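Please open the structure in your viewer and keep the selection tool at hand.

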Amino acid sequence: MQFVVSLTVAVAALCYVWAENPTDFTKANSVFDFTVQDIEGNDVSLDKYKGHVLIIVNVASNCGLTEKNYEQLNALYEKYENKGLRILAFPCNQFMQQEPGTNEEIAEFAKNHSVAFDMFSKIEVNGDNAHPLYKFLKYKQPGTTPNNSSIEWNFAKFIVDKEGQVVERHVPKKDPLDLIPSVEKYL
């Protein structure tokens, strides 16, 4: 009886861990299998975005691309939010330390830039400590050079369809408004 109870508890614990984030990102079915933390530190299951087209982007507040990207991401969100677009922004400090602030400071920066789309807690997007979501994104849409799936810089953009499949990856220098044809295609 003790073994059955222990086995049941172990299976339940594994199911809980899988619900948070797959231990092997290559076995995830979609981005909806992942949980992230919002900018305030609350857990958010990405399955809440089912039925929406997503742009997932790593952001930084002190980058030469910041002003244009925030302005255009806001415009894109404003134009397509009611049609089902969601933008998920993940601050990252891995590129010349251009996102050094705390989550609170980043949230204030976003507020000062009138950000209406969803902001999440600062994460790593490359290396061993990369968030499992970003490991999955890069696995599904490898980088622009052979055998290189690393995120190149701030503001790399992934488009995810309504079923949670990663369908496109765009380099950081691609302006958000240039994504309109892709967004419209998947909406």
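The stops below concern charged pairs and one further residue beside them.

**Before starting**

This is a predicted model, in which local features need pLDDT of at least 70, side-chain atom pairs count only at pLDDT 80 or more, and totals for chains, interfaces and linings use all residues. Residues are numbered from 1 along each chain as its sequence is written, and side-chain values use heavy atoms, with hydrogens and water left out.

Side chains of opposite charge can pair when their charged atoms come close. A salt bridge here is a side-chain nitrogen of Lys or Arg within 4 Å of a carboxyl oxygen of Asp or Glu. How many salt bridges does this rule give? The count is four, and the tour visits pairs from among them.

**First stop: Lys68 and Asp175**

Select Lys68 and Asp175, whose closest N and O atoms are 3.1 Å apart in a salt bridge. Helices (DSSP runs of H or I, at least four residues) and strands (runs of E, at least two) are numbered from the N terminus. Lys68 belongs to helix H2 (residues 66-80), while Asp175 is in the loop between strand S7 (166-170) and helix H5 (180-186), so the pair ties together parts that are 107 residues apart in sequence.

Now display the surface. Buried means under 20% relative accessible area, exposed over 50%, and partly exposed in between (1.4 Å probe, protein chains only). Lys68 is partly exposed at 43%, whereas Asp175 is buried at 18%.

**Second stop: Arg169 and Glu152**

Next, select Arg169 and Glu152, a salt bridge with its closest N and O atoms 3.4 Å apart. The two residues are 17 apart in the chain: Arg169 is in strand S7, and Glu152 is in the loop between helix H4 (132-140) and strand S6 (157-160). Is Arg169 buried or exposed? Arg169 is buried, with a relative accessible area of 14%; Glu152 is partly exposed, at 26%.

Select Glu168 and Lys185, which form a salt bridge with the closest N and O atoms 3.8 Å apart. This pair links strand S7, where Glu168 lies, to helix H5, which holds Lys185, across 17 residues. Glu168 is buried at 12% relative accessibility, and Lys185 is exposed at 57%.

**Last stop: Ser182**

Finally, select Ser182 in helix H5. Its relative accessibility is 13%, so Ser182 counts as buried. Which residues does Ser182 touch, leaving aside those up to four places away in sequence? They are Ile159, Glu168 and His170, where contact means heavy atoms within 4.5 Å.
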